[in-house]
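Work through the exercises below with the sequence and the model side by side. Each task is followed by a solution in steps.

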Amino acid sequence: MDVLVGYATAHGSTRGVAERLAAALGRAGLKADVRPLETVDDADAYGAFVLGSAVHNQNWLDPAKAFLRDNGDLLGSRPVWIFSVGMPGALRGPWKRMAPIEAPVIVRSLPAGPVYRSHRLFSGVILPSHLPLGGRIRFHLLGGRFGDHRDWDAIDAWASEIAAELLRA
């Protein structure tokens, strides 16, 4: 089965997550293509989808939301998993404890349509250059930590779950 691991990214962190997911699916014996969602014009060529986006203000980026809207009928007839890449791993204290409530907010903000098998919120990379001066100051005041917060083991584990489900079908 051909799987599209599609993504929308702002600074490249989400692309890295998508590449890792596709590599793990490939090791499991599936053919997985990694592509930016704004370049996909042949979605009907895929039997399953793993779709993700960077999260800004608890929302997916516009190219990812547009892909869901434009391909809603197709996605409704095939297995779909979604992932979001934000910054819960960069937070500390009470802000970190509030991070799990972000995932349902993100999913509710997506266009109506397909039923998703599951959603994962992964932490990404956040660097000072990603934020304007005011954003850097607020991030620091909230106890945020700059750096690469991707949890590769969690990403690999989720890819294994997806592969097992697809290979059972």
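**Exercise 1.** Against which strands and which helix do the buried residues of H2 pack?

The model is predicted, so local features need pLDDT of at least 70 and side-chain atom pairs count only at pLDDT 80 or more, while totals for chains, interfaces and linings use all residues. Residues are numbered from 1 along each chain as its sequence is written, and side-chain values use heavy atoms, with hydrogens and water left out.

Step 1. Helices (H or I, at least four residues) and strands (E, at least two) are DSSP runs, numbered from the N terminus. Helix H2 covers residues 62-70.

Step 2. Buried means under 20% relative accessible area, exposed over 50%, and partly exposed in between (1.4 Å probe, protein chains only). In H2, Ala-64, Lys-65, Phe-67 and Leu-68 are buried. Seen down the axis of H2, these buried residues fall within an arc of 155 degrees (taken from the directions from the helix axis to the C-beta atoms), so they line one face of the helix.

Step 3. Their packing partners are strand S1 (2-8), strand S3 (48-56), strand S4 (59-60) and helix H3 (72-76), where contact means heavy atoms within 4.5 Å.

**Exercise 2.** Find which residues are exposed on the other side of H2.

Solution. Asp-62, Arg-69 and Asp-70 are exposed there.
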